[in-house]
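Subject: Structure for your review

Dear colleague,

Please find below the structure that I promised to hand over. I would be grateful if you could read the notes with the structure open beside them.

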Amino acid sequence: TPPTPAPTVDLMDSVVRTICSCYKIPSDQAQLQIIRCLLTAVTVCEAHGKALLSAISTVYHLMIYSRETVNQTAARTTLTQMINFIFNRMETQGRGGEPDGTGNSITPA
């Protein structure tokens, strides 16, 4: 019998999963870097599906449970930016335009 192909794993899912697994590191600096990386994954790399849910969940977790006020504030701000970016992307796609990376749309001529 021919070998069955291995299930494909989206690279972004793997990257986000790896970043999210680091949230248990008890370093305030590490937590801040996790928040920054996940913001980049959502806004620049445009994570979808499981990666997006994991990113939002992890940042929310850090906002609630971080001991450092700076990290809590950064996580809260990051969640706001992520949600705004996601809604802008959804609105842009709903109008038929393509996002230009800044949240603005480029409508077809």
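This is a predicted model: local features need pLDDT of at least 70, side-chain atom pairs count only at pLDDT 80 or more; totals for chains, interfaces and linings use all residues.

Residues are numbered from 1 along each chain as its sequence is written, and side-chain values use heavy atoms, with hydrogens and water left out.

The chain has four helices and two strands, in the order α-α-α-α-β-β from the N terminus. Helices (H or I, at least four residues) and strands (E, at least two) are DSSP runs, numbered from the N terminus. Of the 109 residues in the chain, 30% are buried; buried means under 20% relative accessible area, exposed over 50%, and partly exposed in between (1.4 Å probe, protein chains only).

Helix H2 covers residues 28-43. Its buried residues include Leu 38, Leu 39 and Val 42, and the cover over the buried residues of H2 includes helices H1 (11-21), H3 (49-65) and H4 (69-95). Helix H4 has 27 residues, and among its buried residues are Met 82, Phe 85 and Arg 89. Just after H4, Gly 96 takes a positive phi of about 90°.

In soluble globular proteins, nonpolar side chains tend to be buried together.

The whole structure holds two salt bridges, a salt bridge being a side-chain nitrogen of Lys or Arg within 4 Å of a carboxyl oxygen of Asp or Glu. In one, Arg 67 pairs with Asp 28, with the closest N and O atoms 3.9 Å apart. Arg 67 lies in the loop between H3 and H4 and Asp 28 in helix H2, so the pair ties together parts that are 39 residues apart in sequence. Arg 67 is exposed, at 63% relative accessible area, whereas Asp 28 is partly exposed, at 25%. In the other, the closest N and O atoms of Arg 89 and Glu 46 are 3.8 Å apart. Arg 89 is buried, at 7%, and Glu 46 is partly exposed, at 25%.

Yours sincerely

Key:
The expected span of a helix is 1.5 Å times one less than its number of residues. Contact means heavy atoms within 4.5 Å.
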